[in-house]
Amino acid sequence: MFDLLIRQARVEGYEQPVDVAVKDGMIVQIQNKIEGQAGQEIEAKGMFLAPGFVDTHTHLEKALTGEGVEVNSLVEAIATFKKGYAKITKEDFIARGKKVVEMAVKNGTTALRTHIYVDTVIGTRAIEAILEVKRQVKNLIDLQIVAMPTNNAYVIDDELLKLTEKAIGLGVDLLGGAPHLSEKPREYIDTIFDLALKNNLPIDFHVDESDEPEVTTLDYIAEKTIATGMEGKVTAGHCTSLAAVSDKIAEKVIAQCAEAGLHIVTLPSCNLYLMGRKDKQPIRRGVTRVKDFLKAGVNIAYASDNIRDPFRPYGNADMLEEGLLTAQVLQMGTPSELETVFRMGTYNPAKILGLKNYGTKVGCKADLVLLEAASPSEALISQATKAYVFKNGKPVAKTIKQQILL
Ligand SMILES: [Zn+2]
């Protein structure tokens, strides 16, 4: 007896729709027709069964604080959030964090990484809150928490170091930060690498989030990754200044990233909103060189970033929505290019998060989303309904499609 049987779903690698059997949270059989019974049967009727989306870069402690806020740059957005955040209670962090997780789950996301501030104003209060969210939603989503040490100068002094060590002790999954904003970027990067090595934690930085034509930290992060043997364990988000430098410089830095096994995350929506604000026409897009990274064999994903906060007033924690925007901005429109974009929201970020047994093959974890579309490209273009979302083989969300009644 199976726990779950999904009948007649389209699955990558199969020409025709197939039956998919799940037991103990794993895919145990895929065949044209599976005999046998299950606790629950779902008729997919040719819908596309994909692995759950993986949103590898979000900010749960900031999300849903942006109503009515107007800002004109990244620096203004940071200042605006920091103006009010001393008063945010742990309960408020938890409530908003859970709300975003629920939005993400309904939209088919089964794993999510979030960057959370650690600093002298709120200490580790936001970290503690989101760790509590992680405990409360563990049956819905895999949540990874990145400690992001900040202060006005972005310098990790003794006080900030102690708080960061406290966050590590509380059980964060990774270390990060925004060294390009630091008065001493290299020292910042060195300290994070030291802490990461000492505590055996991976790293996920905000990198060169600027529209100025200068790579200030990405090349050093690549160098440092190789020097410390941390290949495959370091992620760089944004990297927008790479779009402003010459092709020659970009080529050199991207080759360094490939050599260092860096993972790259592009955040088009937030970057389009915040970058290029001082430009008259033409306005720069502020999106990193995704196609060049893909060509160089670098693992690259897209993600939501900020969701309805001072950094970006939009967002539904919906990877299909972010994916379509990514495809449009990157001018990727053929079926195979759209498939690449779809993988940038599924398999590529799964690799970044280090998810084991991810996918839709026998032996994979049944963290899945059933999309009302026949293919990944159709799912992106049509913004497919997420008919069912499964976590550990159990349905956790269901959407009934709107229908014409007459
Ligand atoms: Zn971010």
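User: Where is Tyr154 found?

Analyst: Helices (H or I, at least four residues) and strands (E, at least two) are DSSP runs, numbered from the N terminus. Tyr154 is found in the loop between strand S8 (142-149) and helix H4 (158-170). This is a predicted model, in which local features need pLDDT of at least 70 and side-chain atom pairs count only at pLDDT 80 or more, while totals for chains, interfaces and linings use all residues. Residues are numbered from 1 along each chain as its sequence is written, and side-chain values use heavy atoms, with hydrogens and water left out.

User: Is Tyr154 buried or exposed?

Analyst: Buried means under 20% relative accessible area, exposed over 50%, partly exposed in between (1.4 Å probe, protein chains only). Tyr154 counts as buried because its relative accessibility is 6%. Its phi is near 50°, a positive value in a residue other than glycine.

User: Which residues coordinate the zinc ion?

Analyst: Donors are N, O and S atoms within 2.8 Å of the metal (3.2 Å for Na, K and Ca); water is not among the atoms, so sites may look incomplete. Here the zinc ion is coordinated by His57 (NE2), His59 (NE2), His206 (NE2) and Asp305 (OD), at 2.0 to 2.5 Å. Along the chain, these donors follow the spacing H-x1-H-x146-H-x98-D.

User: Why is the arrangement around the zinc ion irregular?

Analyst: Four donors count as tetrahedral if all angles lie between 85 and 135 degrees; four count as square planar and six as octahedral if opposite donors are over 155 degrees apart and all others between 65 and 115; anything else is irregular. The four donor atoms around the zinc ion subtend angles of 86 to 174°, so the arrangement is irregular.

User: How many disulfides does a search of the whole structure find?

Analyst: A disulfide is a covalent bond between the sulfur atoms of two cysteines. The criterion is a pair of cysteine sulfur atoms within 2.5 Å. The search finds zero disulfides. For Cys239, the nearest cysteine sulfur, that of Cys257, is 6.5 Å away. The sulfur of Cys270 is 14 Å from the closest cysteine sulfur, in Cys239, which is too far for a bond. Cys239 is buried, with a relative accessible area of 1%, and Cys270 is buried, also with 1%. Cys239 lies in the loop between S11 and helix H7 (247-259), and its phi is near 50°.

User: What does the domain assignment of the chain give?

Analyst: Domain bounds come from an automatic or database domain assignment. The assignment gives domain 1 (2-51 + 358-398) and domain 2 (53-353). Their C-alpha centres lie 30 Å apart. With contact meaning heavy atoms within 4.5 Å, 25 residues of domain 1 are in contact with 25 residues of domain 2.

User: How much area do domain 1 and domain 2 bury between them?

Analyst: The size of an interface is often given as the accessible area lost when the parts come together. Buried area is the accessible area (1.4 Å probe) that two parts lose on being put together, summed over both. For domain 1 and domain 2 the value is about 2000 Å², 67% of it on carbon and sulfur atoms.
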